[in-house]
Amino acid sequence: MTGSVLYDAPGPKAKRLARIVSVVSVLLIAGGLAAVILTLAAPRTTATGQVLPGLFDPSRWDVFNDLAVWRAIGNGVLGTLRMAGLAAVLAIAVGVLFSFARSASWKIVRIPSIAILEFFRGMPVLLMMLFILLVFSTGAYWAGVAALAIYNGALIGEILRAGIAALPRGQREGGLSIGLSPLATRFRIEFPQAARNMLPIIIAQLVVLLKDTALAYILGNTNDLLYQATKSLPNFFGNRYLYSFFFVALAIYLGLNLLLSWIARLVAKRTGPGGRIVKPRIPRRGVHVDVDTTRVPDAGLGGGAGTV
């Protein structure tokens with residue numbers, strides 16, 4: 001049987017309808033992009049009556065010939081990466097604690113951890129930042145780091161818990177059978193496998209964390225890329241360059257997020273099923289392979305290695 005067993009093959013009418021929908025969708029997308037480009041290219045009048053040229057006019061981009069602009073943008077990128085890096089490390093640590101508490105055998109630990117986990121997962125990140133800033137007076141930077149660590153830590157904890165729950169029961173039973181305690185079995189056998197299996201999803205969550213660092217701009221954080229692109233640089237060089245700075249910051253954010261997404265896909269290929277399988281080298285016919293049979297490895301069924 002060569003046809004699909006999941007659905008019937010489309011007939012002439014269905015194929016014709018699919019072509020029409022595809023053509024209409026392409027035309028709508030192309031029309032939307034053309035409208036955006038024409039809008040950006042058209043001159044506009046500011047509230048003060050000043051006429052600014054279109055975004056693609058060279059006078060809107062000559063400011064990037066100044067090294068001070070790139071120095072300020074570089075400082076903003078470093079500030080964003082510092083916040084994201086620190087929050088990511090703390091989020092992973094919080095996630096590990098949540099995963100162990102969430103899957104604990106003691107109800108006195110598991111039930112409160114479930115309530116706390118669901119509370120943090122349901123709270124918006126910006127609201128958590130504002131709460132930490134107003135209640136603990138930590139400053140915009142540390143309020144952003146703490147909120148990102150707690151929120152993403154709750155999500156990473158649930159990811160790790162799901163990874164542990166997906167492991168075969170024989171992994172835990174095998175650890176207990178060789179004399180390990182339940183906690184040692186969790187640390188030494190189950191958790192390393194769950195972390196390896198869920199690593200692509202964790203990296204994908206870190207992409208979300210990197211994007212959410214821009215929310216700290218609302219709190220008044222001055223050490224990130226968005227503040228440099230929309231406040232600091234336009235205030236110094238003039239608002240006529242605001243959109244130019246904005247699009248450069250947008251391109252940098254997209255580049256960083258796409259890089260992390262590519263790393264997540266690469267890790268998924270490396271750690272997925274068959275990702276590290278080494279194909280055996282099959283000798284050609286008539287070619288004998290010399291195999292050292294003087295030592296036989298221990299098969300785990302009896303004594304150690306023996307000599308033939």
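**View 1. The second largest pocket of this predicted model.** Let's start here: the second largest pocket has a volume of about 160 Å³. On a 1 Å grid over the protein atoms alone, a pocket is an open set of points where a 1.4 Å probe fits, with protein on both sides within 12 Å along at least five of seven lines, and lining residues have an atom within 4 Å of a point. Among the lining residues are Leu 81, Gly 85, Ile 203 and Leu 260. The helices α2, α7 and α9 (242-271) each supply at least two of the lining residues (helices are DSSP runs of H or I, at least four residues, numbered from the N terminus).

**View 2. The largest pocket.** This pocket has a volume of about 440 Å³. Of its 18 lining residues, Ser 103, Ala 104, Ser 105, Arg 172 and Arg 186 lie nearest its centre. α7 gives the most to the lining, with four residues.

**View 3. The largest nonpolar core.** Here you meet 37 residues, and Met 128, Leu 148 and Leu 209 have the most contacts inside the core. Such a core is a set of buried (under 20% relative accessible area, 1.4 Å probe, protein chains only) Ala, Val, Leu, Ile, Met, Phe, Trp, Tyr and Cys residues joined through side-chain atoms within 4.5 Å. α5 gives the most to this core, with 13 residues.

**A note on the model.** Residues are numbered from 1 along each chain as its sequence is written, and side-chain values use heavy atoms, without hydrogens and water. Local features need pLDDT of at least 70 and side-chain atom pairs count only at pLDDT 80 or more, while totals for chains, interfaces and linings use all residues.

Definitions and conventions
Buried means under 20% relative accessible area, exposed over 50%, partly exposed in between (1.4 Å probe, protein chains only). Grid points are joined across faces, edges and corners, and a volume is the space filled by probe spheres set on the points.
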